[in-house]
Amino acid sequence: MRIILLGAPGVGKGTQAKFICNRFAIPQISTGDMLRESVRDGSSLGRKVKKVMDQGALVTDDIIIDLVKDRIKKNDCEKGYLFDGFPRTIPQAEALAQENIQIDSVIEIKVEDDQIIARLAGRRVHQGSGRIYHITNNPPKRKNLDDVTGEPLIQRDDDKEGTIKQRLEVYRNQTEPLVNFYQKMHKEGVLSYRSIDGNKMYEKLSAEILNYLENL
Ligand code: AP5
């Protein structure tokens, strides 16, 4: 199964990706996580992209396309994968098509902007594992510590209110055109597209998504 999770920053893509990948035993390919890892490692890629990410802008298409092409060659991708945060522009989506990568399903999660701002401002993450918490919606058992390792949680550099607004604008201008792009492919019978209201609690939302995918 090859799945794309589409939606603005903070709608819950990373959170839902964990449920879906567990259920279908496929890897989560998050371009955001991959880029943050290179920033942490201090690699030349990391040094190149840090400023762009901190400003809430998009990393260039050629960097992202190369990153994804390399990642999907790995053995764990043989039975499929879930793209979280990719593609993010029409050229990225076209690059997938040019590589003859057949996507089974695109799931769009939709949430109002004021909700998104509250979700991102309260998000805390465990860097090592990518586990995602929220200070009120999904708090860790011990304040600011990861439930599994006990290590401190961090707040992402791009989760400041000014940067969140910039990321939302970038989403509207550069990523939202993918809604029409993939809806057209759905009408042509190339893949299935489902838009889901993300304004519900975690488990209810994941039950709806899993039910849809299991009945494809
Ligand atoms: P990326 O890491 O992909 O960030 P994003 O798309 O902005 O998405 P987020 O990770 O912020 O949100 P999410 O939807 O995963 O929400 P989450 O589940 O965490 O990208 C970061 C940057 O990298 C980009 O800005 C860009 O610079 C670069 N980049 C990445 N990919 C790129 C690409 N393809 N091309 C170019 N540049 C690229 O949830 C958010 C919060 O809400 C959490 O606290 C969570 O607990 C809470 N929450 C989740 N679900 C619910 C719920 N149902 N109810 C209540 N709270 C909830």
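**Notebook: ligand shell and sheet**

I began with the ligand, and helix H2 gives the most to the shell around it, with four residues. Helices here are DSSP runs of H or I with at least four residues, strands are E runs of at least two, and both are numbered from the N terminus.

Before going on, I noted that this is a predicted model, where local features need pLDDT of at least 70, side-chain atom pairs count only at pLDDT 80 or more, and totals for chains, interfaces and linings use all residues. Residues are numbered from 1 along each chain as its sequence is written, and side-chain values use heavy atoms, with hydrogens and water left out.

**Entry: around the ligand**

How many residues surround the ligand? I found 34, and the closest are Thr15, Thr31, Ala57, Arg123 and Arg167; a residue is near if one of its heavy atoms lies within 4 Å. They divide into 15 nonpolar, 10 polar and nine charged.

Next I looked up N and O pairs. A polar backbone atom of Tyr133 sits 2.8 Å from a ligand oxygen. Asn137 has a side-chain N or O atom 3.0 Å from a ligand nitrogen, and Lys200 puts a backbone N or O atom 2.8 Å from a nitrogen of the ligand. On its own the ligand has 1100 Å² of accessible area (Shrake-Rupley method, 1.4 Å probe), and the protein covers 98% of that. Two or more shell residues come from each of H1 (13–24), H2 (31–41), H6 (113–121) and strand E6 (132–134).

**Entry: the sheet**

I traced an open sheet of five strands in the order E2-E3-E1-E4-E7, with parallel pairing; two strands pair if DSSP finds at least two bridges between them. E2 (28–30) and E7 (192–197) are at the edges with a single partner strand each, so one side of each has no neighbour in the sheet. Three bridges join E2 to E3 (residues 81–84), and Ile29 stands opposite Phe83 in E3. Helix H8 (residues 177–187) packs on the sheet, touching E1 (2–6), E4 (105–110) and E7; contact means heavy atoms within 4.5 Å.

Most residues other than glycine have a negative phi, and most peptide bonds are trans. Phe86 and Pro87 are joined by a cis peptide bond, with omega about -10 degrees, and Pro87 lies in the loop between E3 and H5 (90–98). Asn100, in the loop between H5 and E4, has a positive phi near 60 degrees.

Definitions and conventions:
Axes are lines fitted to C-alpha atoms, for helices over the stretch in contact, and angles run from 0 to 180 degrees between N-to-C directions. A polar contact is a pair of N or O atoms within 3.5 Å; within protein, one must be able to donate a hydrogen and the other to accept it, and residues adjacent in sequence count only if both atoms are side-chain atoms. Ala, Val, Leu, Ile, Met, Phe, Trp, Tyr, Cys and Pro count as nonpolar, Asp, Glu, Lys and Arg as charged, and the others, Gly among them, as polar.
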